[in-house]
Amino acid sequence: MRTCLFLALALAVTPSIASAQCFDLAEVNAETAEGQLLQHIGQESDEAAKLQRLENFAAQHPTHEAAGWVYEQLQAAYIKSNSHDKALEIAEKILKLAPGCAEAAHQALKAAEGKKDPDLVLAWSGRTSEIALQVANAPKPADEDEVETWKNRADWARQVNIYTEYSLYAMSLQTTDPQKKIALVEALEKRNASSEYLPKAYPQLFLAYRQAGDNEKAIALAEKVLATDQSDVDMLVVVASDYLAKKKEPDKVHAYAAKAVELAAAQPVPEGVAEDAWKKRREGLMGAAHFISGSLYYTQSRWAQADAQLRRALPFLDNQEMKAEALYYLGFANYKLEKGQEAANYFRQCAAIKSRFQAAAARDLRGVRAEFTGIK
């Protein structure tokens, strides 16, 4: 006597998983030991007991024709219980039986995310994308009765592929290791240069390049982003500073610095950040932007503009070398503007700071005193 055992009766699964399963269980022979175990699985209402029966079947009958179906039920149970390592292990067994099983790879990716392991997310994101695209690009079946199912699976696979992009982006936000962050976002860019997640990921990649000491890549990325989107204060300041040092794109230096000041001044305190810390960071960015623009105006001999920008920068400059430079430029600009006392004041402050400008400031202070009368 043969007893039919249908999948819908055997184990309750979510519709998204059921629609993408790679193995069916049409019927089993309840007269065999394997069939009896499968029947018990279908009848078991206790989740823990059902899981134990599934694991027993997988261990005792790994070559049975129902093994693939059992593996899928195990993976779903492991994902539900956050047994990430077991879910990953069972995914390999499913993919060995069915290399094109996108759902098994998709669930493995979720397990990798659950472990918060950037290396595993990177690996499973790639594997899942590759398999999902194979499903999405499968040829249309000749049998019209199969076309609707083919369309549904292709649509589902395309959504899975998009999810693999999201997984890279999300993991890049969570990892603090700049090299791993770089690997994740670069993989996202390579997979889909038009991904909706790339604009959100680029600031992370930019900072990771900076942390890793790869300023060349950071500048190149920032230039690409700023060509269409000038909303990142850090990118604006870094590129403006780079252009100033390289004596290139002077108009962009002033424009980027002005935009950085505008954005920094308007930025609210981010959630989870102390107000004092945010105020210090914001003022640091504003000071750097004013200093960059003022320094360029100084080299352009535009003394009034240099004076205005550097005065705004001065209260925010904590770096003593930068502060000394700003003071020297202010002294010289005011000398050129024939403001002898103000020039002397700035030169005096600069001369009091140990820096590469100290000797020149002391010399020029003596010159101002000699040239202007009544200097204090």
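Reply: Start with accessibility: buried means under 20% relative accessible area, exposed over 50%, and partly exposed in between. The model here is predicted. Cys22 has 28% relative accessibility, so Cys22 counts as partly exposed.

Me: Is Cys101 buried or exposed?

Reply: Cys101 is buried, because its relative accessibility is 0%. Cys350 is also buried, with a relative accessible area of 0%.

Me: How many disulfides are there?

Reply: A disulfide is a covalent bond between the sulfur atoms of two cysteines. The cut-off for calling one is a sulfur pair within 2.5 Å. By this rule there is one disulfide. Cys22 and Cys101 form a disulfide, with their sulfur atoms 2.1 Å apart.

Me: Why is the disulfide of Cys22 and Cys101 called right-handed?

Reply: Because the torsion about the S-S bond of Cys22 and Cys101 is about 95°.

Me: Which residues have the most contacts inside the largest nonpolar core?

Reply: In soluble globular proteins, nonpolar side chains tend to be buried together. Here the largest nonpolar core has 82 residues, and Leu38, Val70, Leu74, Trp124 and Val237 have the most contacts inside it. Helix H13 (residues 233-246) gives the most to this core, with eight residues. Another core, of 29 residues, lies apart from it; Tyr297, Ala313, Ala333 and Phe347 are among its members.

Conventions: Residues numbered from 1 in each chain as written. Predicted model: local features only at pLDDT ≥ 70, side-chain atom pairs only at ≥ 80, totals over all residues. Heavy atoms only, no water. Buried < 20%, exposed > 50% of the residue type's maximum accessible area, 1.4 Å probe, protein only. Core = buried A, V, L, I, M, F, W, Y, C linked by side-chain atoms within 4.5 Å. Helix = DSSP H or I, 4+ residues; strand = E, 2+ residues; numbered from the N terminus.
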